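Colleague: I'm new to this one. Can you walk me through it?

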Amino acid sequence: MAEPALSIRGLTKIYGNGFHALKGIDLDVAQGDFFALLGPNGAGKSTTLGIVCSLVQKTAGKVSVFGVDIDKDFARAKYHLGVVPQEFNFNQFEKVEDIIHAQAGYYGMPMREAKPRAERLLKDLGLWDKRKGSARMLSGGMKRRLMIARALMHRPKLLILDEPTAGVDIELRRSMWDYMRRINREEGTTIILTTHYLEEAESLCRNIAIINHGEIVQNTSVRGLLAQLNTETFLLDLARPVDKPPVIEGFEVQQVESNQLAISVKRGQKLNDAFTQLTEQGLSVVSMRNRANRLEEMFVSMVEDANGGGARVPPVRQIDSGEVAAKVETSHTGTGGRR
Amino acid sequence: MSPMQIAIALWTLVVKEIKRFTRIWPQTLLPPSITMTMYFIIFGSLIGSRIGHMDGFSYMDFIVPGLIMMAVITNSYSNVASSFFSNKFQRSVEEMMVSPMPNWVILAGFVIGGMVRGLGVGLIVTLVSLLFTRLSVQHPLLTVGVVVLTAALFSIGGFINALLANKFDDISIVPTFVLTPLTYLGGVFYSISLLPGLWQGVSMLNPILYMVNVFRYGFLGVSDIPVGLAMAAIVAFIVVLFGVALWMLERGQGIRS
Ligand SMILES: Nc1ncnc2c1ncn2[C@@H]1O[C@H](COP(=O)(O)OP(=O)(O)OP(=O)(O)O)[C@@H](O)[C@H]1O
Ligand SMILES: [Mg+2]
């Protein structure tokens with residue numbers, strides 16, 4: 001196989017204040033991959049990507065981009081990279097098209113080539129009408145798309161997206177996903193993204209790494225990860241409130257609200273068995289959804305494992321507490337029922 | 001990057017810098033023109049007529065070169081300092097950092113932008129001065145040479161200031177507490193031959209004195225100090241400061257954590 005699009009070995013970062021943000025991580029992203037880097041707030045995702053694109057100075061370790069060691073020829077490595085950072089980083093007072101054209105210029109692209117390219121990207125990303133306005137007049141979602149257009153100007157082979165869809169509405173997010181899928185598939189652009197919307201990782205990415213406290217705790221394919229998922233939790237809305245949770249043979253049941261139960265279903269167990277028992281006890285279920293996105297559940301358990309929490313899949317109550325869970329809750333938006 | 005690509009990158013940056021200060025001309029081009037016109041009216045015409053001659057020239061003719069130089073110095077410096085700092089502040093410096101553009105191109109782009117602003121304002125001031133006096137230039141090449149080098153030197157200075165600055169106040173400290181006093185004491189308004197011996201010696205430690213004097217020599221043909229030495233010193237300063245600025249950029253000082 002060709003060399004990986006991104007290869008990271010023993011990457012360590014200690015910030016100026018002594019904070020140990022990365023503790024020697026290893027990571028490979030194959031050419032053409034669509035790769036997710038997940039982790040709770042402060043895990044070290046942006047730090048990792050920042051080092052790759054020269055915004056952060058590494059403390060130790062090796063990084064190469066398409067086989068080019070950044071210590072040897074950073075300029076050549078950078079040429080392959082397109083970067084969409086987590087925070088807005090364009091001059092708010094400049095015109096949209098000026099921002100895009102200037103970026104092309106920094107990569108040595110002549111204006112006669114930059115103009116049509118900019119037109120295409122701005123049209124693709126729904127910003128063409130805004131091109132003459134100054135960037136501060138864009139909405140938050142438009143600003144993100146501006147950064148995506150900017151990153152694609154020089155046709156990078158590796159696109160790095162740090163929370164590209166943060167603050168983007170559901171409909172737009174889906175159209176951005178389609179767009180990213182398209183450039184991954186049609187142009188063969190390797191894409192690495194970080195996100196807190198686990199649904200995003202699940203529906204877009206082939207491979208995934210989970211990082212926590214500056215360490216990679218899992219690095220596998222999305223499918224492989226889901227296959228590891230042993231338990232799923234469902235929320236059942238009852239027709240009538242109950243005083244205490246019913247006992248259902250073989251299943252762990254908890255009462256969430258007076259008329260809502262949470263039930264954990266292990267792999268191999270049949271949901272039918274639970275329903276049969278509920279019916280026998282005279283309880284009727286009016287609606288059902290899964291507690292969280294499947295990957296979210298996986299993610300929570302993995303991070304808690306790494307934090308020294310015991311159970312692989314935590315009991316329902318634990319999900320409601322803690323920073324990670326809080327984050328996962330917000331990412332639940334738009335996940336609908338079981339998919 | 002190929003030389004062609006580097007040229008495009010540099011051109012992009014320079015054009016962007018020029019666009020910036022022309023877009024906000026009421027903040028960048030207008031105020032220095034007004035201030036300098038005031039100086040010409042008050043010091044040159046009104047008071048100057050009472051002062052009589054300085055080094056054998058009318059007071060107006062004596063201060064014109066100094067005032068042009070003063071405008072060039074402050075405008076080159078503050079253009080680069082505020083432009084680069086606001087790029088840092090708005091994080092748009094990251095656009096340059098992630099690109100394959102070499103650091104020297106980034107530095108040169110900002111410096112050339114600052115020079116264009118400084119020299120542009122200098123030209124405006126020169127044109128304004130023509131309303132008050134007839135300028136004659138004794139050594140045109142030297143005059144242009146020294147003003148261009150001075151603009152370069154202070155643009156680099158502004159760049160270093162911006163790299164070190166953490167807040168907007170930090171970019172006004174040097175102009176207020178260093179550049180302005182040194183310029184006033186650099187013989188813009190008087191010939192140092194008027195000073196007692198001790199203060200003449202102290203004045204010789206002021207680098208701006210040399211630039212003003214060489215520039216005035218270009219116009220009038222008289223100088224308090226040796227011209228060749230002064231030019232060599234300016235060039236040496238430029239080389240050293242450019243090296244320092246580049247070294248700071250390579251280290252990511254103030255821009256990379
Ligand atoms: N400039 C800095 N100086 C000191 N510590 C920093 C700096 N930047 C980041 N950190 C710390 O490094 C850790 C990792 O930060 P990083 O931004 O990489 O997290 P992240 O995984 O991207 O989080 P998020 O999901 O919130 O974006 C955090 O604990 C953060 O506080
Ligand atoms: Mg981050």
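Colleague: What does Asn213(B) touch, not counting residues up to four places away in sequence?

Modeller: Asn213(B) touches Val222(B), Ser223(B), Asp224(B) and Ile225(B), with residues up to four places away in sequence not counted. Contact means heavy atoms within 4.5 Å. This is a predicted model, where local features need pLDDT of at least 70, side-chain atom pairs count only at pLDDT 80 or more, and totals for chains, interfaces and linings use all residues. Side-chain values use heavy atoms, with hydrogens and water left out, residues are numbered from 1 along each chain as its sequence is written, and chains are lettered from A and ligands numbered from 1 in the order in which they are written.

Colleague: Where does Asn213(B) lie? And is Asn213(B) buried or exposed?

Modeller: Asn213(B) lies in helix α10 of chain B, residues 207–220. Helices (H or I, at least four residues) and strands (E, at least two) are DSSP runs, numbered from the N terminus. Asn213(B) counts as buried because its relative accessibility is 2%. Buried means under 20% relative accessible area, exposed over 50%, partly exposed in between (1.4 Å probe, protein chains only).

Colleague: Staying in chain B, at what angle do α1 and α4 pack?

Modeller: About 105 degrees, with the axes 11 Å apart. Helix α1(B) covers residues 3–23 and α4(B) covers residues 59–89. So α1(B) is roughly perpendicular to α4(B). Angles under 35 degrees count as roughly parallel, over 145 as roughly antiparallel, 65 to 115 as roughly perpendicular and the rest as oblique. The axes are lines fitted to C-alpha atoms, for helices over the stretch in contact, and angles run from 0 to 180 degrees between N-to-C directions.

Colleague: Which residues make that contact?

Modeller: From α1(B), Glu17(B), Arg20(B) and Phe21(B). From α4(B), Asn79(B), Ser82(B) and Ser83(B). They divide into one nonpolar, three polar and two charged. Here Ala, Val, Leu, Ile, Met, Phe, Trp, Tyr, Cys and Pro count as nonpolar, Asp, Glu, Lys and Arg as charged, and the others, Gly among them, as polar.

Colleague: Over to chain A. How many helices and strands?

Modeller: Chain A has 12 helices and 14 strands. Buried residues are 54% of its 339 residues.

Colleague: Where does UniProt place the ABC transporter domain?

Modeller: The unreviewed UniProt entry puts "domain: ABC transporter" at residues 6–238 of chain A. UniProt positions are in the numbering used here, feature names are shortened, and annotations may be inferred rather than shown by experiment. Over residues 6–238, chain A is 35% helix and 29% strand. The end C-alpha atoms of that stretch are 50 Å apart.

Colleague: How many disulfides overall?

Modeller: Zero, over all chains. A disulfide is a pair of cysteine sulfur atoms within 2.5 Å.

Colleague: Last one. What does Ala274(A) touch?

Modeller: Ile248(A), Phe251(A) and Ile263(A), not counting residues up to four places away in sequence. Ala274(A) is in helix α9, residues 271–280 of chain A. Ala274(A) counts as buried, at 3% relative accessibility.
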